[in-house]
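The tour moves from the whole chain to single residues, one selection at a time.

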Amino acid sequence: MLTRATVPADRVRAWIIVIDTAGHAMTEVDSVFPQALADAGEDPKLPALIHYQLTWRAVRVDGDFDRAREEAAHSAALAAQADDRYNELMALAFQAQIETLMGHPDAPATIKRALKEPQDPRVACHHNGAGYSRFRWLIMSDQLSEARATVTALLREVQRTGAVESEVHFLRGVAETELRSGHCGRALDLARESLMMARDTGIGEVASAVLTSLGEASGGDVERALELAREAVEHAERDGDQMYVSRALTALGYAQLVAGDAQGTVRSLRRVRELEHGLGITDPARGRWQGDLAEALVRIGEVREAQDVIEVTREQALRLGRESVLAVLDRAEALLRAARGEHDAAVAQLTSVQDRLAKLGHGLEEARTAFAVAQLRTRRAGPTSYDEAARLFRRCRALPWLRQVDAATAQPAGAPEPPAPAPTADALEGLASMERQVAALVMEGATNREIAARLFISVKTVEATLTRVYRKLGIRSRVDIVRLAAGRRTK
């Protein structure tokens, strides 16, 4: 087409197809954009199409939300000038999504503009249309019932019309709403369905893997959750998609927290914090990772950093009115108080948090808070029961969390948790072959990059293998591996 066509509209449509085939790997078609803009000429309708695609590029490749917002607004203005209502609405909807993630004060007004009549039925049920923008605003604003009704209606319509890409998208939306509401079993079923459909069609695989990881960590298999999250991180990094690198790392950090790997959680979520700062994402309701990071930091004794995360995020959440985020931050702060010896104040704060989360309808977070209350009371050697936490986790079908309750109740009431046995040098023999090789090279003082080169594997694989080694040996760092090796040599 591009070797034959001379009509600008035909050439621009062909360039758009080339751009679309790149999917999330938009760096592969960077050279296309100036050629497409040159072919578009003076007709405002054609440059509007290219600037809409440049909005996606600014998000996925550059991670520049300010630039993306400008491109979306410019695309909408050009489309309006050309009396192209369809593309005007699509650009406005995308602008609204970007502003929502940025915590921009114009987001509600832009959503209203995108929903203003006359509407185009093709946009109304599009996964990048105003209906979905409104759904995202609702779920981030803790309006879970309305969010569920909105995205369920969108899903039914696209299932009726056969719009597969939008169906995959809206399946994830329903699953996310169910997960936030604490219906972990239902959420996991929907997430798995979206992942199967995504892999069958090649549409939205990373996004579906991320959501399925969150579902598995909450209501299924934690090892599967870790596997999916790591695959998603690797895929997003290969595509150069900064947005989905952040999302995949968020899922990985949560799965690591559920697995008991606080060090791994901190590593993953520190990267998310850095990425989102660079992207300009300020709304903490977008990924809801801040509470998990603060909790993991408390677990490893990094209380100052935990306090900083809480304070910075609280300021943003207060500005935007994100009530569930504020409640989860208060839970992390209560754990921080407990770490400082303020147990009574911590229990009182957690009890208040549990009540607030219940009223907001965040069932799983409510159950997690009840579990934290029971754990603190047990440490104080007072009368305690994990019955409430177990009941709430069962109601959510949060099986990985329920297993943690079972492990906690196996301890005598009021007794402190016995310290984990110190790993012995012989424990190294219990590692898998790859784990032993990586550990052996650590003992020699090799860096992760040097280990990757010597074993012909990626640096990410080295990091993941070391995480498993730490967990299996009950240690926290490379230094501990060296100490084990020294212990073995002195036998």
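What follows is a sequence of selections, each with a note on what is there.

Before selecting anything, keep in mind that this is a predicted model, in which local features need pLDDT of at least 70 and side-chain atom pairs count only at pLDDT 80 or more, while totals for chains, interfaces and linings use all residues. Residues are numbered from 1 along each chain as its sequence is written, and side-chain values use heavy atoms, with hydrogens and water left out.

**The whole chain**

Begin with the protein chain as a cartoon, where there are 26 helices and zero strands; helices (H or I, at least four residues) and strands (E, at least two) are DSSP runs, numbered from the N terminus. Along the principal axes, the C-alpha atoms fill a box of roughly 80 × 55 × 40 Å. The radius of gyration is 25 Å, which agrees with the value near 23 Å that a compact globule of 491 residues would have; the radius is taken over C-alpha atoms, and the globule rule is 2.2 Å times the number of residues to the power 0.38.

Colouring by accessibility brings out the buried residues, which make up 55% of the 491 residues; buried means under 20% relative accessible area, exposed over 50% and partly exposed in between, with a 1.4 Å probe and protein chains only. Of the contacts with a separation of 6 or more, 62% are between residues 24 or more positions apart, where contact means heavy atoms within 4.5 Å.

**Aromatic rings**

Now show the aromatic side chains, among which a search of the whole structure finds seven aromatic pairs. Rings of Phe, Tyr and Trp (its six-membered ring) pair if their centres lie within 6.5 Å, and planes under 30 degrees apart count as stacked, over 60 as edge-to-face and the rest as tilted.

Select Y52 and F94, whose ring centres are 5.9 Å apart and whose planes meet at 65 degrees, so the pair is edge-to-face. This pair links distant parts of the chain, since Y52 is in helix α3 (residues 45-62) and F94 is in helix α5 (residues 85-102), 42 residues apart. Y52 counts as buried at 12% relative accessibility, and F94 counts as buried at 6%.

Next select Y132 and F135, a tilted pair with 5.3 Å from centre to centre and 40 degrees between the planes. Both residues are buried, and because they are three residues apart in helix α8 (residues 130-140), about one helical turn separates them. Then select F371, Y386, F393 and W401 together, as they form one aromatic cluster.

**Charges over rings**

Two arginines deserve a look from above the ring plane. The charged end of R247 sits over the ring of Y244, 4.7 Å from its centre, and that of R322 sits over the ring of W137, 5.1 Å from its centre. A charge sits over a ring if NZ of Lys or CZ of Arg is within 6 Å of the ring centre and within 35 degrees of the ring normal.

C184 is buried at 0% relative accessibility, and C396 is buried at 2%.

**A buried alanine**

Return to helix α5 and select A96, which counts as buried at 0% relative accessibility. Leaving aside residues up to four places away in sequence, A96 touches A107, T110, I111 and S133.

**Backbone stops**

Most residues other than glycine have a negative phi, and most peptide bonds are trans. Select E117 and P118, which are joined by a cis peptide bond with omega at about 0 degrees; P118 is in the loop between α6 (107-115) and α7 (121-124).

Finally, compare two residues with positive phi. D83, with phi near 60 degrees, is in the loop between α4 (65-81) and α5 and is exposed, with a relative accessible area of 71%. R288 has phi of about 55 degrees and is in the loop between α15 (262-279) and α16 (290-299), where R288 counts as buried at 17% relative accessibility.
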